[in-house]
Structures are given as C-alpha cells and as structure tokens.
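Work through the exercises below with the sequence and the structure at hand, and try each task before reading its solution.

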Amino acid sequence: ELTAHPGDLFNIDAALTEEERAIRDTIRRFVDDKILPIIGDCYVQGRFPDELIPELAELGVLGANLPEEYGCAGLSSVAYGLIMQELERGDSGIRSFASVQGALVMYPIFAFGSEAQKRALLPKLAKAELIGCFGLTEPDFGSNPSGMITRAREQADGSWIINGAKMWITNGSKADVAIIWAKTGDSTEDSSIRGFVVPTDTPGFQARDQKGKLSLRASDTSELVLVDVHVPADAILPNSKGLKSPLMCLTQARYGISWGVLGAAMACFEEATSYSKSRVMFDRPIGGFQIQQVRLADMLTEIVKGQLVSLHLGRLKDAGNFTPTQVSLAKRNNVDIATNIARETRRLLGGNGILAEYAAMRHMANLESVYTYEGTHDVHSLILGQAITGLNAFK
Ligand code: FAD
C-alpha cells in the first residue's frame, strides 16, 4: 500500500475533494516534468529558474486562494496548501517565490488595499506580469520588526518620502513592486506602521542580491536600500495599520509553509525509501537493516502527523476560524520535522547524500532558511508559550 501512495499510509487522499486532488496532481506533474530535471543544477549555479514563472502563473498558483473577481483562482485553503506542498516537493525556493507573490504581496493588497489598487495590481500579479516582494525585515530588526527604522514621511501634498533599508528580501532584485513596511511620522509606536506599494523603478530604490548563500540557492534574496524614495499619496495601503497588518500577511504565508515543508519531507522520504531498497551493503539492501527501518518509520510517522495538522488547519481556515497560534504550532512543528527528515535522508544515502543529483542535502540546506524565516522556530515557541501560560516572554 505504501508503494502505491508513498507517504499516505492513512489515506489522507480520501479526505480531500476530487477538485483538491486534481489540483494537487496537476502541480505534481508540473514539478516532475519541469522542476525536478533542472533544480539540482539551478541550486548549484545559485539561480532561480525565471523561465518557469509564466507557467507557474498559467497554472494559477499565484495568489491561488484569492477571489476570481481579481483574476485569481479562488481556490480553497486546502487546495492552496496542496499547491505549496507540491511546489516545495520540487524546492523550497520555488515555493518561496509563490508564497511571497501570493501571501506577502497579493494578500496585503487584497486585505489592506483600496479597490483601485486591487483592480490595478492583483490581476497583473496573478499573471506574473508584475513580480512583487515584501520588505519587513531590516538589518537590525529581524525577529522584532516593531523596532524598524524605515520611515515614511507625509508631504504637504499627501505624497510620501520613504527612507530605510530592508534585508533578506525574497524576490527583491526581480520585483517590479515592493510592499514596504515603514513607520509614519516621528512616532516610534507600532501603530504607526503602514504598508506602501513602491514601484522598484522609483528613483532612490536599490536592490542588491545577497551573495554567498548556502541555503535557498535557487531563490533570489536581496537587500533593499531606499533613499528619499518619493511615492504618490495613493501608494499607501489605506487599510493597513500597525504591526498587526504585516503579521496578518505572515500568518497567511506561514499557513502555506506548514504544507510546503511536508512536500520537501515527502520528497526526502521517497528518496530514502527507494535508496534503501536498491543500495546493497553487507550483501543485502540497507533497507533490510533495523537501523534504516527505524529511520524510515520515524519519517513516515512525522509526515502523517504533519499532514493531519495542516489539513485540519486548512479546513479551519476555510471555515473562517483559524488562529495565528494554531498556525505557529503547525509552522514550528512541520518545519522541524521536515528538517530532521531531510537530514536523516542525507545520512541514509551515505556519500551519495551530499550530491546535488539527489534531493536530500538541497532540501536539508533549504529548510534551515525556512526554520529561520517567517518567525524563527524559537519565536514560535514563545508565541505558543505565551498562549499556554499567559506570560509574554518577548517583553
Ligand atoms: P534574529 O532575530 O537576530 O535572531 C537570531 C537568533 O535569536 C535566532 O535563533 C532567534 O530565534 C533568536 N531569538 C530572537 N529573538 C528571541 C527571543 N525573544 N528569545 C529567544 N531567542 C530569540 N524577511 C522579509 O521581510 N521578507 C522576505 O521576503 C524575507 N525572506 C527571507 C529569505 C531568507 C532566505 C531568509 C534567511 C530570511 C528572509 N527574511 C525575509 C527574513 C527573516 O524573516 C528573518 O531572518 C527572521 O525573522 C529572523 O531574523 P534575523 O535573521 O534578524 O534573526
């Protein structure tokens, strides 16, 4: 039964609708045909496969859970999660591209934008006619974005001048528009944080690729510098207010990540399973040794548990009553188990496990970024800790 449905011992397939399975299978075929053959080389070269962007848009994966009236696919949260799972089965960098465009660029425009911004931008972002990035993190303010230094100052005519620097910005150097989070006026209060839609060709806006990454190599990560970037009055996202707004975007993205990393874990589990059956040492397949069987049993157990968490979370989200704390639990757990599964696969593969020809070490290195971004594992521990005890460890 495992051979027919690798990793689906509990027949979670049966809990999906026919449409959800069909969407999952379409993206899986795309990943098998278009991503897996090239991704190892892209990773070694440190290159995001730009040539696949039009197809990703064509498949409707960008902002797939946003409404059709804005040119999006209008899918359920579970279908959206399955798309993230399949993309990350290919590579975390591909899923990161889709997460940023959908959950961190299209979602804030959808949630906090004016009707004119939504109509002008969302259909183009869905078709990848425009690429976006999300600038929240700064060199000195990562886990604590409320300390951000970036400032937007309102001018007499209602326009804004933005100054500041952002770091670790996915898609930053290929973006046409950047969602920039900045404090307004002189206030140091969280509540003055607002979002701005900044065209990246505005004078004073600069994006520089961050070099030397040993993780997420098939993804662009950039540093943004904004020097007197002058944007019109209607660049502000009118309904954004306070740190809560970017955190709402992160909740969307973290939900997708909880599914995505399961894809990376499944890819590793399948690689480990198949390798354990074909690699012969001491005259028998290594999969016949108890140590390797324990490894595989642990992997499958954690994948099944993670799938149930994400599926249930997705159903809660579709019912309109999921909470950020639930998302923290799912992101924290699933990234952690996926990272361990990738590392155990790498080990099971012996020397071959360090080659880009196999997926394990690429996923292992990628997942270290996923462990850190979108709220580090530690930060999610503290969010859960506060929910459990009522005591705030951040202050
Ligand atoms: P720090 O906050 O300096 O943390 C360092 C260590 O301290 C960590 O172990 C952390 O868990 C720990 N720590 C921090 N606070 C506490 C505490 N209160 N208690 C205990 N331990 C603590 N940001 C964006 O805005 N947009 C993007 O598109 C984006 N893409 C990214 C892509 C990549 C590849 C990476 C690596 C990062 C990306 N980020 C992005 C930034 C990411 O969100 C931050 O790296 C993350 O929030 C952590 O911040 P930091 O790196 O400054 O680490």
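**Exercise 1.** Is the crossing of α4 and α6 left-handed or right-handed?

*Solution.* Keep in mind throughout that this is a predicted model. Begin with the axes of helix α4 (residues 92-112) and helix α6 (residues 244-278), which come within 9 Å and cross at roughly 155 degrees. Angles over 145 degrees count as roughly antiparallel, and therefore α4 and α6 are roughly antiparallel to each other. The crossing itself is right-handed. By class, the contact of α4 with α6 has 11 nonpolar, 6 polar and 1 charged residues.

**Exercise 2.** Describe how α6 and α9 pass each other, and find the residues that make their contact.

*Solution.* The axes of α6 and α9 come within 10 Å, with a crossing angle of roughly 160 degrees, and that makes the two helices, α6 and α9, roughly antiparallel. Their crossing is left-handed. On the α6 side the contact is made by Ile257, Val261, Ala264, Ala267, Cys268 and Glu271, and on the α9 side by Ala360, His363, Asn366, Leu367 and Val370. Sorted by class, the residues of this contact are 8 nonpolar, 2 polar and 1 charged.

**Exercise 3.** How many residues surround the ligand, and which are the closest?

*Solution.* The ligand is surrounded by 21 residues, of which Thr137, Gly142, Ser143, Thr376 and Asp378 are the closest. Next, locate the elements that give two or more residues to this shell, namely β1 (132-135), β3 (160-170), α9 (360-372) and α10 (377-389). Finally, a division by class gives 10 nonpolar, 9 polar and 2 charged residues in the shell around the ligand.

Technical notes
Residues are numbered from 1 along each chain as its sequence is written. This is a predicted model: local features need pLDDT of at least 70, side-chain atom pairs count only at pLDDT 80 or more; totals for chains, interfaces and linings use all residues. A residue is near a molecule or strand if its C-beta atom, placed from the backbone, lies within 6 Å of it. Helices (H or I, at least four residues) and strands (E, at least two) are DSSP runs, numbered from the N terminus. Ala, Val, Leu, Ile, Met, Phe, Trp, Tyr, Cys and Pro count as nonpolar, Asp, Glu, Lys and Arg as charged, and the others, Gly among them, as polar. Axes are lines fitted to C-alpha atoms, for helices over the stretch in contact, and angles run from 0 to 180 degrees between N-to-C directions. Angles under 35 degrees count as roughly parallel, over 145 as roughly antiparallel, 65 to 115 as roughly perpendicular and the rest as oblique. A crossing is left-handed if the near helix is turned anticlockwise from the far one by less than a right angle, and right-handed if clockwise. Two residues are in contact if their C-beta atoms, placed from the backbone, lie within 7 Å.
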